[in-house]
Amino acid sequence: MAVTKLFGASVKRREDPRLITGRGNFTDHIKLPGTLFMALKRSPHAHARIVRIDTSKARAMPGVVAVYTGQDLVDKLAPVPCAWLVPDSDLKVPTYRALAVDKVRYVGDAVAAVVAENRYIAEDAAEAIEVEYEVLPAVVDQEKATQEGAPQLYDDVPNNIAFHWKLHAGDFDSAWNQAEVKLTRRFINHRLIPSAMEPRGALAYFNPGTGDLTIWCTSQNPHVHRLLLSAVTGIPETRIRVIATDVGGGFGSKIPMYAGEMLASAISRDLGRPIKWFESRRENYVATIHGRDHIQYVDVAATRDGKITGIRVKSYANLGAYLSTASPGVPTWLFGLMLCGAYTIPVVHVDVYGVVTNTTPTDAYRGAGRPEATYLLERVMDLLARELRMDPAEIRRKNFIPKEQFPYTTATGLQYDSGDYEATLDRALELVNYQQLRREQEELRAQGRYLGIGFSTYVEVCGLAPSAAAGAMGFQGGLWESATVRVHPSGKVSVFTGSNPHGQGEETTFAQLVADELGVPIDDVEIVHGDTEMIPFGMGTYGSRSLAVGGTAVIMATRKIKDKATKIAAHLLEVAPEDVAFENGRFFVKGAPDRAKTFQEVAGAAYLAWSMPEGVTPGLEETHFHDPINNTFPFGCHICVVEVDPDTGRVSFRKYVAVDDVGNVVNPMIVDGQVHGGIAQGLAQAVYEFAAYDESGQLLTATMMDYAIPKATMLPRFDVDRTVTPTPVNPMGAKGAGETGTIASTPAVANAIIDALSPLGIDHIDIPLTPERIWRAVQERRG
Amino acid sequence: MQITVKVNGVSHTHDVEPRMLLVHYLRDVLNLTGTHIGCDTSQCGACTILMNGKAVKSCTVFAVQADGAEITTIEGLARDGQLHPVQEGFWEMHGLQCGYCTPGMIMTAVDLLQRIPNPSEEQIRHYLEGNLCRCTGYQNIVRAVQYAAEKMRA
């Protein structure tokens, strides 16, 4: 595309003025007269039969309007849907009721809903509900859950295995038999809690007079929620309006359909009054989805000179008590397909067991499957380097897909769009001054100090596409995106996007794209999102897709506008459309630049419609649904440098360098911000965060006091740099940047710590590498 | 109980339940929804306001404890259409993404710069320990506070 003014510029964000002055439109700010507040009574047991629910005390409290149990809603609300039906995996989708009937299966499973005049009364009344339980044995470990004698969550899910998914590419047995070097490991990729700063909530109002349901809710994908709400309530889609304009972070946790939104809608229909529900942080921690949680067995075949010839993975994925909306797809496709990483691994065998346990359901959390694959591969690279006494940078270089081989088809069947992996490695090595750093490491070791250098040379997949591929993977939806561009008579432009940014800044980046394409000032462009009555059907924001897929839809709709406007301008200028050029917001006759019409004049003429060319209709508005031809594959090299105190297990960060390649960049300031935040979350998995359960299924980290979200003092400064390898998949050449940091950073940090401890003979400790775990490993070695 | 509170320069008198949290008073009674709620254990700091000039977490104060107090919320920080330098810093330095922690983060930073006009990076990070951000990794928040410090000293 033409080089233009705003593409590539760090334009200050247009969403910020309202957010820095306390004028955002978050769900809990919305007020309607006559609103009732809903509170949910949740199970304190991980696994129990419901013997009796006594709601009489709650009902008798002043201000309480109604109390519902699961039995009351069986005919009014269909079960919570699962929308990723992974094929050929013997998938079983157990019934998931918004309010449990007969049995509860995790701590936090809702058993009753109270609505009252205000939130204080509603919560008091929920406390007053008496539930008698027959407590059953619980299982939280997904591997133990598959073993004989384990407690069974469902009668129709034998051994708690909800699916067994496999992808066998090539002949692993032969690779294994011929391997000069073999490596066998068990890795734990532990459970995390997404922890968006805004918990989830909804304000639902069913107007009995019109039959319309309007729901404000914390959603990354309002149309998907509209469709699913329609399916569970029976209210036609045409009668449901979902609004989610400002959303306080999601990281995947605001994709799924949940009990709370469903209950608020169904109860509002029942009572004809607005129902507000807003979860507490403790509820968010027990009842909003968690992420990751794999136990992985890995066998690696390699040559003596460090080439991987095959990899076999068996993973037990903990799905939690029920199958959340996208849950089966995350540990299967999004994990298994990426097990070649940035490397020419010719043989890949993956078997994934999706296991139900008495824990909070898991689903897509930032990275979703790709961090689990990347951590595994990048640990393998370091272990192999150590086994072969090779430099971890060089073993990666040896296995890289060479840049001449793009587009490259992996053993798992993906076609990587473009890449130059060595360039990011070389740049990162230069930025950390690698040779010097290794010398320093030697010197410090001689003094009894433990410096470590960790690598992660990742590749990831963004903008999952095309829709036909989604269908083949069992995803119950398309993965395209929509945009409508409406030029008003004054020449001002409204853009209605199906993407739903909630921190990613597309109100700014999309406006940059449109201002460039149409040659209008950015202040003339408004980006509208998050309201199903205004935007075309959209798929939403997740999986680093919004620029690559949603942005392309915006550009394509804008180009349709230009085509039509060119015809109108040609007519006004009395020349053929082929003789008209468009630059910087002016249509002019080629060779006679003074004969011109501005974009605004043409927009006005389109609406006056006094004189239109033959066959051209009035108005200037176009819609485009963009279904990409392929995914995009950002990549890069992160290097982390730490010093570890073996006596205390304490880790100090010395340096963190990220060299990412996300293709062309529309707004570098925003991409840097995405990378910083992504690294913070991935680093936190490596050293801080861990959703811990006790054996009875109690979540021990159910508050922000116990779950270690990093504070400002717990993170180092990140040095961020980029190389640029555009993707051919979309007209911008942009790949996506929302998840690179999270995917890359966990293994970079873990590898650095293990590298630091290597003189002690330590070659692996399962993450999170807390001081206690490090100290114990060191003590064990020292005897 | 009857309380009188001066919020952003305006005096309000209301009857409130003794157990009502100040953050609910601000949000639900005064409709000042710029002060956010992100947790229930006083960890996240999204509800931070200035009470008698000092940053406090309004989820940890009862409305009745604010009787007679002067309170500034995020809505009261800009004066005469002029952003406060801290607000300006957050905008200039991309110190926010989803914007949910931002009001509390800004109020804490205002308190910091009142006490330490020229803080080091370490002091900034230490002072912001009671405010959690899940989006930014804090790097640009630090820069936002540095920007404001410089601007306020000029």
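Predicted model: local features only at pLDDT ≥ 70, side-chain atom pairs only at ≥ 80, totals over all residues.
1. The largest nonpolar core holds 308 residues, and the members touching the most others are A:Met38, A:Val114 and A:Ile753. Helix α17 of chain A, residues 546-573, gives the most to this core, with 12 residues.

2. Leaving aside residues up to four places away in sequence, A:Ile753 touches A:Gly452, A:Val642, A:Val644, A:Val651, A:Leu769 and A:Ile774.

3. Helix α16 of chain A (residues 506-518) and α17(A) have axes that come within 10 Å and cross at roughly 30°. Angles under 35 degrees count as roughly parallel, so α16(A) is roughly parallel to α17(A). The crossing is right-handed. On the α16(A) side the contact includes A:Phe510, A:Leu513 and A:Val514, and on the α17(A) side A:Gly550, A:Gly551 and A:Val554 are among the residues involved. By class, this contact of α16(A) with α17(A) has seven nonpolar, five polar and four charged residues.

4. The second pair is helix α19 (residues 668-687) and helix α20 (residues 740-757), both of chain A, whose axes lie 7 Å apart at an angle of about 40°. The two helices, α19(A) and α20(A), are therefore oblique to each other. Their crossing is right-handed. Contact residues of α19(A) include A:Gly677, A:Gly678 and A:Gly682, while those of α20(A) include A:Gly741, A:Ala744 and A:Ser745. The contact of α19(A) with α20(A) divides into nine nonpolar and 11 polar residues, with no charged ones.

How values were computed. Residues numbered from 1 in each chain as written. Chains lettered and ligands numbered in written order. Core = buried A, V, L, I, M, F, W, Y, C linked by C-beta atoms within 7 Å. Buried ≥ 20, exposed ≤ 12 C-beta atoms within 10 Å, placed from the backbone. Helix = DSSP H or I, 4+ residues; strand = E, 2+ residues; numbered from the N terminus. Contact = placed C-beta atoms within 7 Å. Axes fitted to C-alpha atoms, helices over the stretch in contact; angles between N-to-C directions. Parallel < 35°, antiparallel > 145°, perpendicular 65-115°, else oblique. Left-handed = near helix turned anticlockwise from the far one by under 90°. Nonpolar A, V, L, I, M, F, W, Y, C, P; charged D, E, K, R; others polar.
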